[in-house]
Amino acid sequence: MDVLHSLKQKQAEISFTRSLNKTLDKILDKIELAKGNFNIADIYKNICQGLTAINIPSLIAIYDQRKKSIFIKNYCPSAEDDGLMANIIENELIDREMPLSPLRFYQMAFNNSYPFFYKNRSKDLLHRYPQYKSNLGKKDFNSIVAPLVLRGEAIGAIELFSPALNEAHLTIINNFTKSLAKSIANIILYQEIKKSEERYWDLFDNSYNGLIIFNKKRKFFVETNNKISQLAGYTRDEFQQINYLNLFTHEEKKKIEQLIENGNRDLIETKIVSKNGGNKFVELAITPTNTNYELLLSFNDITAEKIAEEKCKELDELNRRILDTSPISIVVLNRDGQIITANSYAKKILNLSKENLFTDNLLATEEISKNEILKNLYKKLLAKGSPFHYDDLAYWSNTEKKEKHFDIVAVPLLNKDQEVEGAISMAIDNTDAVVAKEKLKELNRHLEEKVKKRTEQLAMINEELGKILELKQKFISDASHELRTPLTVIQGNLDLAMQELQKMGRRIPEIYKLIRKEVEQMTSILTDLTMLTNAGTNTEKLKYEKIELGVLTSSVEQSLRVLAKKKNITIEVRELEKPIVIYGDESKLEKVLLNLVRNAIKYTNRNGLIEIWTDKDNEGARINVKDNGIGIPEKDLPYIFERFYRVDKARSRNEGGTGLGLSIVKWAVEAHGGKVTVESELNRGSLFTVHLPTKR
């Protein structure tokens with residue numbers, strides 16, 4: 001019986017070993033066949049499923065070499081497992097990090113890179129977790145811990161649990177884990193290659209430059225990216241059909257063909273022709289690949305840069321023409337004072353040629369080197385960036401063989417850090433102005449002499465005029481006095497005669513009334529003439545006092561009410577809400593207002609209307625006299641304030657008047673610091689406005 005039992009046990013071990021070996025090979029074959037379609041999680045799942053099928057529970061542990069710990073990631077119970085083993089693993093071990101120090105058998109497997117056989121692993125678990133003793137009962141099992149070593153480093157371990165496991169299975173398990181590690185490495189490598197290839201084609205397709213893989217043996221485009229399609233306008237399929245030389249302009253084809261034939265690394269600027277016929281500038285880089293017959297062509301679109309470059313050239317040329325046609329000398333200096341560029345006018349003045357640039361120093365020129373003030377200004381400009389203006393630099397022109405004069409303006413050239421890098425010096429030809437100034441000085445000298453003579457002559461004439469005016473004033477004064485006396489006598493006698501006739505009850509002859517009217521008019525003329533004469537010699541003075549304009553206008557209206565009533569003319573004086581007070585000579589201003597209202601009555605037809613009102617604003621007070629009379633012709637308006645000027649001489653003679661009234665108005669108003677204005681429309685009336693300051 002013992003022999004038979006022993007034989008059966010041996011057969012069971014052989015059967016288990018064969019089954020284990022076959023299962024592990026199947027697992028490896030399945031992983032190998034899957035190649036890159038498996039990830040690590042799929043591998044773990046495949047191992048679990050394979051071992052579960054032959055009733056071998058297993059777990060996968062991840063190894064953290066830095067922390068010296070393991071992390072149990074997966075546990076797969078066997079098909080016959082009653083759940084007792086699973087309770088311990090799932091409740092106490094899975095998804096937990098455990099240090100290696102208590103797990104000596106794991107540590108030995110990692111150190112030796114070889115599987116470790118643990119006999120009676122169930123006792124170790126019961127020792128660690130006695131609370132599960134009733135669950136395990138008499139169920140004993142062994143385990144083998146097999147490390148997974150990838151590229152020389154342990155990354156984890158597989159632990160198999162079974163009563164049938166023994167030390168003879170270590171070699172089988174070791175071979176399995178080694179092959180498994182290779183498969184994992186291959187999968188990782190394959191996936192990395194695939195990712196690299198995808199990344200390469202992604203970079204190729206989305207490159208900023210247009211890229212073409214060109215087969216120089218068969219003369220066709222193997223592969224093109226999106227950017228070259230955008231540049232040339234061809235799709236990938238269309239690129240396969242076209243002759244590669246048709247991508248380039250006619251004048252570039254021969255050069256490109258030679259470069260392609262040589263197949264060497266090269267970088268050139270060229271032009272390509274797009275599908276729609278437009279030309280584009282590109283920077284073409286030719287790079288040979290590892291194969292002898294393929295080239296990588298890289299097209300960098302520089303059309304915008306080329307257009308900008310052409311525009312810059314045009315702008316530079318325009319600037320050069322502007323500078324060369326400029327009528328002033330313009331010189332650019334470096335920090336040492338050397339001339340680095342100059343316009344045509346400056347070259348002419350300084351006798352510069354291309355060979356002189358960067359060698360001639362402006363400060364060494366004769367005119368500047370001898371002028372200490374100017375030389376120091378240039379030195380300060382180049383050292384500290386101090387701009388300056390220097391007037392009238394005398395300069396002998398060898399080409400024109402005469403002395404010229406220049407005004408110098410110089411400013412610093414600063415870099416982005418506000419450091420002085422050089423300067424711009426401009427010389428403005430001021431020769432004509434200097435010559436003109438000298439001529440002007442000479443003319444002024446002669447003019448001063450003439451003015452002096454004329455002044456002396458005018459002084460003599462003024463002295464004579466003064467004497468004449470004095471005589472005129474004396475004559476008018478004496479004449480007024482001499483005339484006023486007989487007029488007074490005539491008027492007195494006429495008044496007595498008229499009184500006697502009235503006492504006798506006799507009618508006063510019409511001739512008496514005419515004589516009296518003429519006498520009164522003559523007296524008025526003499527009074528006005530005397531006032532204007534005194535005003536012209538500044539002997540007529542103003543007596544300032546406080547005047548309420550409302551009272552003044554009412555007083556004038558009352559004085560002239562009877563005169564207006566003779567023609568049935570209404571005089572309206574507008575009432576003021578608030579009194580307007582000014583400072584002035586009341587008698588003079590009363591005369592102004594009397595003259596204006598008398599004129600309004602005189603030149604307004606019967607049944608007419610005269611309005612008088614005053615107002616005030618920030619500029620001062622105003623007295624307004626408006627009538628609806630015959631008006632004043634526009635051509636006469638500029639002259640009405642002149643002495644003895646009359647618009648309608650016939651009417652003035654009939655109505656009476658001296659022709660001095662408005663002259664007196666103008667003088668009196670201006671003597672107060674004011675002015676008088678007039679608006680008039682023929683047959684519609686006139687508006688006279690007196691503007692007066694409110695303060696003295």
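This is a predicted model: local features need pLDDT of at least 70, side-chain atom pairs count only at pLDDT 80 or more; totals for chains, interfaces and linings use all residues.
Local features were taken at pLDDT of at least 70 and side-chain atom pairs only at pLDDT 80 or more, whereas totals for chains, interfaces and linings use all residues. Residues are numbered from 1 along each chain as its sequence is written, and side-chain values use heavy atoms, with hydrogens and water left out.

With a salt bridge defined as a side-chain nitrogen of Lys or Arg within 4 Å of a carboxyl oxygen of Asp or Glu, the count comes to 26 salt bridges. One of these joins the side chains of Arg-236 and Asp-205, at an N to O distance of 2.0 Å. This pair links distant parts of the chain, with Arg-236 in helix α9 (residues 236–241) and Asp-205 in helix α7 (residues 170–205), 31 residues apart. Helices are DSSP runs (H or I, at least four residues) numbered from the N terminus. Relative accessible area (1.4 Å probe, protein chains only) was classed as buried under 20%, exposed over 50% and partly exposed in between. Arg-236 is partly exposed at 31%, and Asp-205 is partly exposed at 21%.

A salt bridge also connects the side chains of Lys-375 and Glu-372 (3.3 Å, N to O). Both residues lie in helix α14 (residues 372–384), three residues apart, about one turn of the helix. Lys-375 is buried, with a relative accessible area of 17%, while Glu-372 is partly exposed at 45%.

In the salt bridge between Lys-635 and Asp-636, the closest N and O atoms are 3.5 Å apart. Lys-635 is exposed at 63% relative accessibility, but Asp-636 is buried at 5%. Finally, a network of salt bridges links Arg-121, Asp-124, Arg-128 and Glu-159.

Methods: Helices (H or I, at least four residues) and strands (E, at least two) are DSSP runs, numbered from the N terminus.
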